[in-house]
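Q: Please take me through this structure. I want to know what lies behind each label.

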Amino acid sequence: VLGHDECLSDIVQMLKNRHYTIQPRTLINHDVQTSSPRPALNEIVINRIDGRIIEFNVFLNNVFAFASRSDGVLISTPTGSTAYALSAGGAIIHPESKVLEIATMMPQSLSYRPLVVNDDVEIKIEMTRGEAMIFSDGEFTGKLVPGDALSIKKFAQSAKLMIPNKCSELHCSGYDYYAGLREKLYWNNLPGVNHNN
């Protein structure tokens, strides 16, 4: 693990030598008024408050899509697909994809599966039973009670991430998304193969 000084030195060298790739990433926002509203890079989550199951309807561009009785619902960006959404059973989505993912959390019916939609779709969550909390990238932003509706849309601006390139003494290679997945999810470790040799 690198220390603070080493990390700072690496960042300075990365910026000085321009050994990085800039990637635009989708942001999403909701329409609840809070003291400090901010768009989410990963996800917006609607979650039950008191341990009781909640019920809600989901509309896409004002067209009814489905009703759910569950612990809540998570709306994820492609960036967030490898965060909380992955734990909720969602798909891994390439960060440059122009989509959003809707995943119900602990639904009462086993037939529910994550739904992927175009990122220009307005997602509306209409509460019909129970009370829920709203979180934007883990930060509490409000509550919902029956009769409330929450609108979630792609934010007008995108985030710009600076991703370091892998450099050796001879050359630099650009950012490899799939290499990151292989390393973090151990996709190279085949069952029954001894990887110590």
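Q: Why is Arg129 called partly exposed?
A: The model is predicted, local features need a pLDDT of at least 70, side-chain atom pairs count only at pLDDT 80 or more, and totals for chains, interfaces and linings use all residues. Residues are numbered from 1 along each chain as its sequence is written, and side-chain values use heavy atoms, with hydrogens and water left out. Buried means under 20% relative accessible area, exposed means over 50%, and partly exposed is in between (1.4 Å probe, protein chains only). Arg129 has 45%, so the label is partly exposed.

Q: What makes Glu55 and Arg129 a salt bridge?
A: A salt bridge needs a side-chain nitrogen of Lys or Arg within 4 Å of a carboxyl oxygen of Asp or Glu. The closest N and O atoms of Glu55 and Arg129 are 3.0 Å apart. The pair links distant parts of the chain, with Glu55 in strand S4 and Arg129 in strand S9, 74 residues apart. Helices (H or I, at least four residues) and strands (E, at least two) are DSSP runs, numbered from the N terminus.

Q: Is Glu55 buried or exposed?
A: Glu55 has 17% relative accessibility, so it counts as buried.

Q: What makes Lys154 and Asp119 a salt bridge?
A: Their side chains meet at 3.3 Å, N to O. Lys154 sits in strand S12 and Asp119 in the loop between strand S8 (115-118) and S9, 35 residues apart. Lys154 has 39% relative accessibility, so it is partly exposed. Asp119 has 7%, so it is buried. Shared partners also join salt bridges into one network of Glu55, Arg69 and Arg129.

Q: How many salt bridges does the rule give?
A: The count is four. One of them pairs Asp71 with Arg48, with the closest N and O atoms 3.1 Å apart. Asp71 lies in the loop between strand S5 (63-70) and S6, and Arg48 in strand S3, so the pair ties together parts 23 residues apart in sequence.

Q: Why does Asp71 count as buried?
A: Asp71 has 15% relative accessibility, so the label is buried. Arg48 has 28%, so its label is partly exposed.

Q: What makes a set of residues a nonpolar core?
A: The members are buried Ala, Val, Leu, Ile, Met, Phe, Trp, Tyr and Cys residues joined through side-chain atoms within 4.5 Å. The largest such core here has 23 residues, and Ile46, Ile75, Ile102, Ile123 and Ile125 touch the most other members. Several strands each supply at least two residues, among them S3 (43-48), S6 (72-76) and S7 (99-105). S4 gives the most, with four residues. In soluble globular proteins, nonpolar side chains tend to be buried together.

Q: Which residues does Ile46 contact?
A: Contact means heavy atoms within 4.5 Å. Leaving aside neighbours within four places in sequence, the partners of Ile46 include Ile54, Asp71, Met105, Ile125 and Leu150.

Q: Why is Met14 called buried?
A: Met14 has a relative accessible area of 15%, so it is buried. Its place is in helix H1 (residues 4-17). Not counting residues up to four places away, Met14 touches His19, Tyr20, Met162 and Pro164. The C-alpha atoms of Met14 and Asn165 are separated by 8.3 Å, though the two are 151 residues apart along the chain.

Q: What makes Tyr186 exposed?
A: Tyr186 has a relative accessible area of 56%, so it is exposed. Tyr186 lies in the segment after helix H3 (177-185). Its phi is positive, about 60°, although Tyr186 is not a glycine.

Q: Why is Asn61 partly exposed?
A: Asn61 has a relative accessible area of 44%, so it is partly exposed. Asn61 lies in the loop between S4 and S5. Its phi is near 50°, a positive value in a residue other than glycine.

Q: What confidence does the protein chain have?
A: The pLDDT, the predictor's confidence in each residue, runs from 0 to 100. The chain averages 87, and 89% of the residues score at least 70.
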